[in-house]
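Please keep the sequence and the structure in view while reading.

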Amino acid sequence: MQKVVEGINHWIKTLPDAYNSMSELEISNRPLPNKWSKKEILGHLCDSAINNIERFIKIQYEEQVYVIQSYNQDQWVKVQNYQDRPLGEIINLFQTLNKQIVIIVKNVPSESLSKLCDIGNNQHKTLEWLIQDYLSHMEHHIHNQILIKNND
């Protein structure tokens, strides 16, 4: 779990600088009408953190196998109106939520890492897998959508 903690801490520290080096047009531009802007992708990462905070906590104490509830990602981004909010607010939210995730991950007892959750389609994964997947999901969006330069 130490590598996950280090990875999340890395993005808490470096992602704000990456965003602050981009123009308003670059962070607000939607590549297609049905695609998120870089600002909305950061908002989506906040929504992911919100949902995973609950999961990481509940898996530790609720009856096994804990069933992961999905959420409508597009609606969360739309309803929270990340597109029209100041970037600084979204960055602060990202940092605060991920600092909380770091605290949770650091405090997971090793015996809880093997607790199971159903991620859908009756696929059972461990809490350890879910925590590692959280960082993988974050880095997928960061490397493939946020840090790439738009060619428009």
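Which residues does Leu 113 touch, not counting residues up to four places away in sequence? In this predicted model, Leu 113 touches Met 1, Val 108, Thr 126, Leu 127, Glu 128 and Ile 131. Leu 113 is found in the loop between helix 5 (87-106) and strand 2 (116-118). One of the residues touched is Leu 127; the C-alpha atoms of Leu 113 and Leu 127 are 5.0 Å apart in space, although 14 residues separate the two in sequence. The relative accessible area of Leu 113 is 14%. Because a residue under 20% counts as buried, Leu 113 is buried.

**Helices 1 and 5**

Two packed helices are described by the angle between their axes and the distance between the axes. The axes of helix 1 (residues 2-20) and helix 5 come within 9 Å and cross at roughly 175°. Angles over 145 degrees count as roughly antiparallel, and therefore helix 1 is roughly antiparallel to helix 5. By class, the contact between these helices has 13 nonpolar, 4 polar and 2 charged residues. From helix 1, the residues in contact include Val 5, Ile 8, Trp 11, Ile 12 and Leu 15. From helix 5, they include Leu 87, Ile 91, Phe 94, Lys 99 and Lys 106.

The three strands form an open sheet with the order 1-2-3 and mixed pairing. Strand 1 (66-67) and strand 3 (124-126) are the edge strands, each pairing on one side only. Strand 1 and strand 2 run parallel and are joined by 2 bridges. Within this part of the sheet, Tyr 66 stands opposite Cys 117 in strand 2. Helix 6 (residues 127-146) packs on the sheet and touches strand 2 and strand 3. The direction of helix 6 makes about 80° with that of strand 3.

**Buried cysteines and a buried serine**

A disulfide is a covalent bond between the sulfur atoms of two cysteines. How many disulfides are counted in this model? The count comes to 0 disulfides. Cys 46 is buried, with a relative accessibility of 0%, and Cys 117 is also buried, with a relative accessible area of 0%.

Ser 48 lies in helix 3 (residues 38-61). At 4% relative accessibility, Ser 48 counts as buried. Not counting residues up to four places away in sequence, Ser 48 touches Tyr 71, Tyr 134 and His 137.

**Backbone features in the loops**

A cis peptide bond joins Gln 64 and Val 65, with omega about 0°. Val 65 is found in the loop between helix 3 and strand 1.

Two asparagines are set side by side in the table below. Asn 81 has a positive phi although it is not a glycine, and Asn 122 likewise has a positive value in a residue other than glycine.

Terms used: Residues numbered from 1 in each chain as written. Predicted model: local features only at pLDDT ≥ 70, side-chain atom pairs only at ≥ 80, totals over all residues. Heavy atoms only, no water. Helix = DSSP H or I, 4+ residues; strand = E, 2+ residues; numbered from the N terminus. Buried < 20%, exposed > 50% of the residue type's maximum accessible area, 1.4 Å probe, protein only. Contact = heavy atoms within 4.5 Å. Disulfide = S-S within 2.5 Å. Axes fitted to C-alpha atoms, helices over the stretch in contact; angles between N-to-C directions. Parallel < 35°, antiparallel > 145°, perpendicular 65-115°, else oblique. Nonpolar A, V, L, I, M, F, W, Y, C, P; charged D, E, K, R; others polar. Pairing = 2+ DSSP bridges.
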